[in-house]
Amino acid sequence: CSPVLKTLLQNNPHSHPLIYLEGVKQHELQSILHLMYLGEVKVFEDTVNRFLKIAKDLKLNQISQFAPETISKMKGEPSTNDQSVVLGDQILYNCEDCDLVFKKRFALLRHRTSKHKLISYSCYQCEYQASNPANLKAHQESKHKSVKKGKYSCDLCDYQARKPSIVKMHKEAKHEGIRYSCNLCEYQATRPSHLKIHQESKHEGVKYSCDQCEYQAKQPSHLKTHQDSIHKGVRRYSCNECEYRATRQSHLKIHQESKHEDVVYFCNLCEYQGTQATNLKAHIESRHDCIRYNCNQCEYQATTRAHLRKHQESKHSIVKH
């Protein structure tokens, strides 16, 4: 028994005395009492020395003389500042910020997260902050209708992605106009990863070679597409209106626009009309910008890359996939 506590109780013969011990927190006193009456207690390693000091201040010599390593310690995350106490066969967890006690540690963590604002989950579409992921998901479903079948939606258009970070990059590129500039030319990318690919392919000469032919790609994804389509015959993207199958999603889009949607691209410098954006670009480059593509085998100049490729295949037997 503690002589200090005994004196306090004898001097205050109340049926429910209120005891205040300066510098001693409620859960610490509870741990002392549990050890006194139940014979055991568990505390975190970083609080053992403080526990023994309180015992010494209360003149509990049978406890304060213990070495720290003789006390049962519970390893955990000191940042949560929670205390565990063994009551018989049951472990109880005390919140250091209030007087609540919990039977399970995850319940204590959830309580401290929501009530004491230790952790928050932010909505990427507004300033809302939730105390747990479930509340955030419920908020997004009700306020933004953003979580449907594992997809996250842009609140400014119909765009959907599987990750919030991708939606964020979409909004920055499409709606906020954020660009990442190359320090070696005038190129601007909508994503840092695109800027890296540009610098590697255009300024550093990085190439990815096919192990089955002489093809070289500027990007790993282009090499994979080449191998799938040329060497494996894979056609991943099917048109839902005809039997056309494309190796790339961009090719399928071009097909659908030109064949089924009657999309037309007009030249603003003449009366030319193209069914594909690439055709319009090639027209402007050859007719209005006078851009020419030189053959590295002879003096031939082509008005388009496609014409240069056909020339090299027919005249110089250079085949490029």
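1. Positive surface patch. In this predicted model, Lys 202, Lys 207, Lys 218, Lys 281 and Arg 305 gather in a patch of positive charge on the surface. A patch is made of residues with over 30% relative accessible area and no salt bridge, like charges being joined within 9 Å and nonpolar side chains (Val, Leu, Ile, Met, Phe, Trp, Tyr) within 5 Å. Lys and Arg count as positive, whereas His and the chain ends are not counted. Lys 281, one of the patch residues, is found in helix H11 (residues 277–288); helices are DSSP runs (H or I) of at least four residues, numbered from the N terminus. Lys 281 counts as exposed at 51% relative accessibility, where exposed means over 50%, buried under 20% and partly exposed in between (1.4 Å probe, protein chains only).

2. Basis of the model. This is a predicted model in which local features need pLDDT of at least 70 and side-chain atom pairs count only at pLDDT 80 or more, while totals for chains, interfaces and linings use all residues. Residues are numbered from 1 along each chain as its sequence is written, and side-chain values use heavy atoms, with hydrogens and water left out.

3. Lys 224, Asp 228 and Lys 232 are linked in a network. Within it, Lys 224 and Asp 228 meet at 3.1 Å, N to O, and both lie in helix H9 (residues 220–231), 4 residues apart, about one turn of the helix. Asp 228 also pairs with Lys 232, with the closest N and O atoms 3.8 Å apart. Asp 228 is buried at 7% relative accessibility, whereas Lys 224 is partly exposed at 45% and Lys 232 is exposed at 57%.

4. The side chains of Lys 53 and Asp 57 form a salt bridge of 3.2 Å, N to O. Lys 53 and Asp 57 are 4 residues apart in helix H3 (residues 48–57), so about one helical turn separates them. Lys 53 is exposed at 52% relative accessibility; Asp 57 is partly exposed at 48%.

5. Cysteines. The whole structure contains 0 disulfides, a disulfide being a pair of cysteine sulfur atoms within 2.5 Å. The sulfur of Cys 210 has its closest cysteine sulfur in Cys 213, at 3.7 Å, too far for a bond. Cys 267 is likewise in no disulfide, the nearest cysteine sulfur, that of Cys 270, being 3.7 Å away. Cys 210 is buried, with a relative accessible area of 6%, and Cys 267 is buried at 7%.

How values were computed: Areas by Shrake-Rupley, 256 points an atom, 1.4 Å probe, with all protein chains shown as cover. Salt bridge = Lys/Arg side-chain N within 4 Å of Asp/Glu carboxyl O. Charge placed at Lys NZ, Arg CZ, Asp CG, Glu CD. Helix = DSSP H or I, 4+ residues; strand = E, 2+ residues; numbered from the N terminus.
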